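Please look through the structure below with the sequence at hand.

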Amino acid sequence: MQEQKSACWICGSGQLEPYKPSNISSGISARDFAITDVNYGVTGELVKCKTCGFIQCSNLTDVLNYYEDLEDPSYEATRNGRALQAKKMLEVLSKHAKGKKLLDIGAGSGILVEQALEKGFSATGVEPSRWLWQKAQERNLSVFLGTFPHPKINELFDVITLIDVIEHVPDPVGLLKDAAKALSPDGIIVVATPDIGAVLAKILGEKWWHLRVAHIGYFTVETMKLAASKAGLKSIYEGRAKWYLALDFLLTRINGYLPEYIKLPTPKFFKKITIPFNLGDSMFLIFNRQIEFPPKA
């Protein structure tokens, strides 16, 4: 872990206060950064900005190598449900998109890219995990290995998606600025991320399932919009992300909260049943530029 930084990643204030102590019991590895990690409530030390309310893990920022080594077979096993989720997200963002050129940052194995292609987009993605990138290559999807900005991605896009990505980076405003630079004149940026201000997050407290080692930044809708404004973006749509997962996957995670004597059964055929659910604790926001593009001289 790195030495703790003293400033808020969103507003730059040095007024940070303890929010949650670290409860990482041993050294961390790439397994802790899996998309399907179930060690809910386990995080590094979290601090909260007294000025804007953003919550961050200041001493766990050098994490790229963990993402590069990440392997997650359980993620691929739920591909069908995640594809349906991507399709539904595309239906919403298509109402705001002025063009069909899409970039997915943190593309995983290319699920959203694949669905975007089926919907008529010209779609590409970028992903740091070698294992997930390889899965995308096996499907002949245009996903580049690495992070954004990427040397092979130097064009403008009508849609840039950051789906469950921004909570993983130590410079969210910088990422949004880089994305904004890659927008076409009428382009939009789509962000889905956990909402620590949601009612369910407050009810579950330190047992909330979005409290994970891999999540180093925790947004409310207000701090997400503040980060976007710092990047020259304004909100044009605010909603909630709906998820589609196999029933056995969902019940396995619910069982993590239940005592042994009332755990729910997960027969094999549950793998074939995909259900929608919306717990109201993930935001889905769409942004465009605050300023005219290109700016007047």
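Aspartate 164 sits in the loop that links β7 to α6 (172-181). In this predicted model, its phi is positive, about 55°, although the residue is not a glycine. Most residues other than glycine have a negative phi, and most peptide bonds are trans. Aspartate 164 has a relative accessible area of 28%, so it counts as partly exposed.

Asparagine 140 also has a positive phi, near 60°, and is a residue other than glycine. Asparagine 140 belongs to the loop between α5 (130-138) and β6. Its relative accessibility is 72%, and it therefore counts as exposed. The loop between β6 and β7 holds proline 149, and the peptide bond leading from phenylalanine 148 to proline 149 is cis, with omega near 0°.

Helix α4 itself (residues 111-118) is mostly covered, with six of its eight residues buried. These are Ile111, Leu112, Val113, Glu114, Gln115 and Ala116. What lies over them? The cover includes the helices α2 (73-77) and α3 (79-93) as well as the strands β4 (101-105), β5 (122-127), β6 (143-145) and β7 (157-163).

Leaving out residues up to four places away in sequence, phenylalanine 287 touches Gly187, Ile188, Ile189 and Val191, then Met224, Lys225 and Ala228, and finally Leu233, Lys234, Ser235 and Ile236. The C-alpha atoms of phenylalanine 287 and alanine 180 are 9.6 Å apart, while the two residues are 107 apart in sequence.

On the surface, Lys87, Lys88, Lys100, Lys119 and Lys242 gather in a patch of positive charge. One of these, lysine 242, lies in the loop between β10 (233-240) and β11 (243-246). Lysine 242 counts as partly exposed because its relative accessibility is 40%.

For the protein as a whole, the secondary structure comes to nine helices and 13 strands. Of its 297 residues, 52% count as buried. Among contacts between residues at least 6 apart in sequence, 74% join residues at least 24 apart. The accessible surface is about 14000 Å², and carbon and sulfur atoms account for 52% of that area.

Key. Residues are numbered from 1 along each chain as its sequence is written. This is a predicted model: local features need pLDDT of at least 70, side-chain atom pairs count only at pLDDT 80 or more; totals for chains, interfaces and linings use all residues. Side-chain values use heavy atoms; hydrogens and water are left out. Patches are made of residues with over 30% relative accessible area and no salt bridge: like charges are joined within 9 Å, nonpolar side chains (Val, Leu, Ile, Met, Phe, Trp, Tyr) within 5 Å. Accessible areas come from the Shrake-Rupley method with a 1.4 Å probe; for residues, only the protein chains shown count as cover. A salt bridge is a side-chain nitrogen of Lys or Arg within 4 Å of a carboxyl oxygen of Asp or Glu. Lys and Arg count as positive and Asp and Glu as negative; His and the chain ends are not counted. The place of a charge is taken as NZ of Lys, CZ of Arg, CG of Asp or CD of Glu. Helices (H or I, at least four residues) and strands (E, at least two) are DSSP runs, numbered from the N terminus. Buried means under 20% relative accessible area, exposed over 50%, partly exposed in between (1.4 Å probe, protein chains only). Contact means heavy atoms within 4.5 Å.
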